[in-house]
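Here is a short briefing on one protein chain. Look over the fold first, then the surface and the aromatic side chains.

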Amino acid sequence: MATFELYRRSTIGMCLTETLDEMVQNGTLSPELAIQVLVQFDKSMAEALETQVKSKVSIKGHLHTYRFCDNVWTFMLQDALIKTDDCQENVGRVKIVACDSKLLT
């Protein structure tokens, strides 16, 4: 199963990457094992989002920028309203990155 490396840019992904880098620099972890951990992280995040998240979200805002490159859409919204079943939140800027899930099979 192929995976995208999208979740590495999330807060938890950045923290994991920084921690792995420190461990490699300290010699407590080999670079090969650090890469294996990141690959497993990519797979686990994709699986968890597919199987465990059942919420739906509605996002409305002013489209500032969009691009399509290497089968990945990126949308930048300004003054967005994010709604879930039980709450809503106004945010200044939102970045949405979307990939075709068919490419993962």
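Helices (H or I, at least four residues) and strands (E, at least two) are DSSP runs, numbered from the N terminus. By that rule the protein chain has 2 helices and 3 strands. Their order from the N terminus is α-α-β-β-β.

This is a predicted model: local features need pLDDT of at least 70, side-chain atom pairs count only at pLDDT 80 or more, and totals for chains, interfaces and linings use all residues. Residues are numbered from 1 along each chain as its sequence is written, and side-chain values use heavy atoms, with hydrogens and water left out.

**Overall form**
- The C-alpha trace spans about 45 × 30 × 30 Å along its principal axes.
- Buried residues (under 20% relative accessible area; exposed is over 50%, partly exposed in between; 1.4 Å probe, protein chains only) make up 14% of the 105 residues.

**Charge**
- The chain has 11 positive and 14 negative side chains. Lys and Arg count as positive, Asp and Glu as negative; His and the chain ends are not counted.
- The centres of the two sets lie 8 Å apart, with each charge placed at NZ of Lys, CZ of Arg, CG of Asp or CD of Glu.

**Aromatic rings**
- Rings of Phe, Tyr and Trp (its six-membered ring) pair if their centres lie within 6.5 Å; planes under 30 degrees apart count as stacked, over 60 as edge-to-face and the rest as tilted.
- The whole structure holds 3 aromatic pairs. One of them, Tyr66 with Trp73, is tilted, at 6.5 Å centre to centre and 35 degrees between the planes.
- Trp73 also pairs with Phe75, stacked at 5.6 Å and 10 degrees.
- Tyr66, Phe68, Trp73 and Phe75 form one aromatic cluster.
- Tyr66 is exposed at 55% relative accessible area. Trp73 is partly exposed at 34%, and Phe75 is partly exposed at 27%.
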